[in-house]
Amino acid sequence: MKVAVAGCCHGALDKIYETLELLQQRHNVRPDLLLCCGDFQAVRNEADLRCMAVPAKYRHMQTFYRYYSGEKKAPVLTVFIGGNHEASNHLQELPYGGWVAPNIYYLGYAGVVRFRGVRIGGISGIFKSHDYRKGHFECPPYNQQTIRSAYHVRNIEVFKLKQLKHPIDIFMSHDWPRSIYHYGNKKQLLKMKSFFRQEVESNTLGSPAASELLQHLKPTYWFSAHLHVKYAAFMQHQTNSKEEVPKATKFLALDKCLPHRDFLQIIEIEHDPSAGDSLEYDAEWIAVLKATNSLGSVTESSWNMPEKNALHAKWDYSATEEAIKEVLEKLNHNLKIPCNFTLTAACYDPSKPQQYVEPVRIINPQTTEFCVQFGLTDFNDRIQQAKEKGLVQGKYEEDEDEEDVDSTGSAEEPSEYNTDNSGLSSINPDEILLDEEGGDEDLNTCSVEPSPDRALDIFTSFSDIRVMPDSMAVSSDDAMDSANEELEKSGMRKHVDEKSLNERPLKRIGGDENCNTGIKKIKRRNQAIYDEEDEDKTE
């Protein structure tokens with residue numbers, strides 16, 4: 001089947017769906033599924049806008065509300081994960097996932113579903129070490145800390161995903177797995193984005209939690225976004241024994257939504273032709289949720305996941321075949337996810353704008369139904385109970401000049417990662433500081449018309465990828481060039497071909513960099529991303 005993969009969507013659903021329609025008209029290609037890798041921005045109204053972690057001047061309604069209200073319907077099944085610029089209050093209504101609009105499904109904090117026999121998993125948010133071991137304690141109205149921490153990945157979600165034993169076909173994360181850049185054309189990446197160099201060379205670019213999941217799950221495909229650059233890599237996983245069949249992951253990161261040409265990719269993926277066209281629950285994932293239900297937390301206290309040591313009587317929460325069978329029997333072997341979307345908040349009315357709307361906590365009936373059906377804890381209910389006891393506090397405060405108060409250390413400080421280590425660094429080099437990010441372009445001005453000479457570049461098949469040798473160590477740029485030669489022989493050539501990548505001229509990163517000596521280097525790297533985009537708009 002044909003799967004369309006999009007990078008940071010930034011709420012521009014009309015533009016994305018119009019692009020897919022244009023592809024069908026021009027090339028007779030219609031994707032069966034659309035996957036979005038975060039910054040989806042499911043904004044229903046003005047209150048949702050205030051819960052999106054971007055400076056106020058970048059808060060635009062965009063077009064999602066039209067799909068939420070029923071004015072429009074997504075023309076293709078859309079599955080997405082959360083990023084670091086979301087209406088967090090809306091997504092928090094669906095911690096286990098659910099429909100945010102007809103035909104548009106959110107995977108939750110972490111989740112696994114099936115479509116036409118293809119197993120799709122994902123984790124929402126970005127990695128931030130000092131929040132990693134906390135519970136999901138945030139709730140609206142947010143303050144300046146919780147509006148950001150709400151989208152930070154937690155160890156409980158990584159732990160759940162690591163309980164999976166059955167193969168994953170596709171996995172999505174918003175930020176890149178750390179070290180993945182060593183398995184593609186690193187030299188070309190740094191040529192395009194020279195301000196990544198320090199973090200690449202110190203191996204601090206990307207999420208260590210996502211890297212751990214990549215090593216554990218070994219999915220066939222891994223899609224990401226966040227860094228606003230298109231990049232492909234091919235990772236051959238090490239085997240634990242000679243009898244184990246070698247596995248490899250094809251990684252692809254997409255640029256942000258239009259006008260950037262690399263925000264969308266069409267990929268051919270093998271599927272089960274006998275499977276139905278409905279989105280389905282994954283029985284093993286449901287069994288894992290049931291097994292780990294008691295581990296959930298809604299407090300700000302840091303805590304470790306069970307591990308094999310003298311401190312924990314149980315550390316293996318993977319699903320047994322019996323537990324999976326129980327889930328199937330409970331559902332009468334009908335895994336179809338019910339189309340039970342419900343409006344839970346007023347929809348934006350352009351004729352009656354409401355500038356000052358206080359965000360409130362909402363219990364979503366989809367979550368209630370899901371929890372009752374499978375005997376799970378409704379985290380929103382627990383948060384409310386904790387809030388009544390004074391354990392959760394939050395008051396929305398807005399500042400036009402929002403600073404990233406999450407950052408508490410030097411941007412150059414190396415990050416040592418261990419999922420159960422209390423000494424984690426507080427620095428996430430991937431997270432773009434909010435005073436410099438947040439959609440500095442008006443997506444309403446973006447053209448949906450791809451240039452004729454670029455139109456076919458979004459089509460890619462990974463079916464003829466060759467297995468890379470086990471000796472693909474990545475200790476030097478020379479090794480990267482060798483790996484790139486292998487990639488160019490495969491179906492991923494379109495992703496890494498230097499001619500294609502160089503069609504977009506490199507931009508000079510303005511002379512201000514040497515003047516603003518008081519700005520952290522991490523800010524300069526992030527600012528460079530947007531300086532580059534500003535130059536695009538003036539061309």
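Tutor: Asparagine 28 lies in the loop that joins helix H1 (13–27) to strand E2 (33–36), where helices (H or I, at least four residues) and strands (E, at least two) are DSSP runs numbered from the N terminus. The model is a predicted one, in which local features need pLDDT of at least 70 and side-chain atom pairs count only at pLDDT 80 or more, while totals for chains, interfaces and linings use all residues. Residues are numbered from 1 along each chain as its sequence is written, and side-chain values use heavy atoms, with hydrogens and water left out.

What draws attention to asparagine 28 is its backbone: phi is near 55 degrees, a positive value in a residue other than glycine. Most residues other than glycine have a negative phi, and most peptide bonds are trans. Asparagine 28 counts as exposed because its relative accessibility is 69%, the classes being buried at under 20% relative accessible area, exposed at over 50% and partly exposed in between, with a 1.4 Å probe and protein chains only.

Serine 179 is placed in the loop between strand E8 (170–173) and helix H8 (186–192), and it counts as buried because its relative accessibility is 19%. A further backbone feature is the cis peptide bond from proline 140 to proline 141, with omega near 0 degrees; proline 141 belongs to the loop between helix H5 (129–132) and helix H6 (146–149).

Turning to a side chain within a helix, leucine 49 is part of helix H2 (residues 46–50) and is buried, with a relative accessible area of 11%. Leaving aside residues up to four places away in sequence, leucine 49 touches Val43, Arg59, His60 and Met61, contact meaning heavy atoms within 4.5 Å. The C-alpha atoms of leucine 49 and methionine 61 are 7.1 Å apart, although twelve residues separate the two along the chain.

For the chain as a whole, there are 18 helices and 14 strands, and 60% of the 539 residues count as buried. Among contacts with a separation of 6 or more, 81% are between residues 24 or more positions apart.

The structure holds zero disulfides, a disulfide being a pair of cysteine sulfur atoms within 2.5 Å. Cysteine 37, accordingly, is in no disulfide, and the nearest cysteine sulfur, that of cysteine 36, is 7.4 Å away. Cysteine 37 counts as buried at 0% relative accessibility, whereas cysteine 347 counts as partly exposed at 28%.

Finally, the search of the whole structure finds eleven cavities of 30 Å³ or more. On a 1 Å grid over the protein atoms alone, a cavity is a set of points where a 1.4 Å probe fits but cannot get out, and lining residues have an atom within 4 Å of a point; points are joined across faces, edges and corners, and a volume is the space filled by probe spheres set on them. The largest cavity has a volume of about 160 Å³. Of its 18 lining residues, those closest to the centre are Tyr106, Tyr109, Ser124, Ala150 and Tyr151, while helix H4 (residues 88–92) gives the largest share of the lining, three residues.

Definitions and conventions: 1 Å grid on protein atoms, 1.4 Å probe; cavity = no way out; pocket = protein on both sides within 12 Å on 5 of 7 lines; lining within 4 Å.
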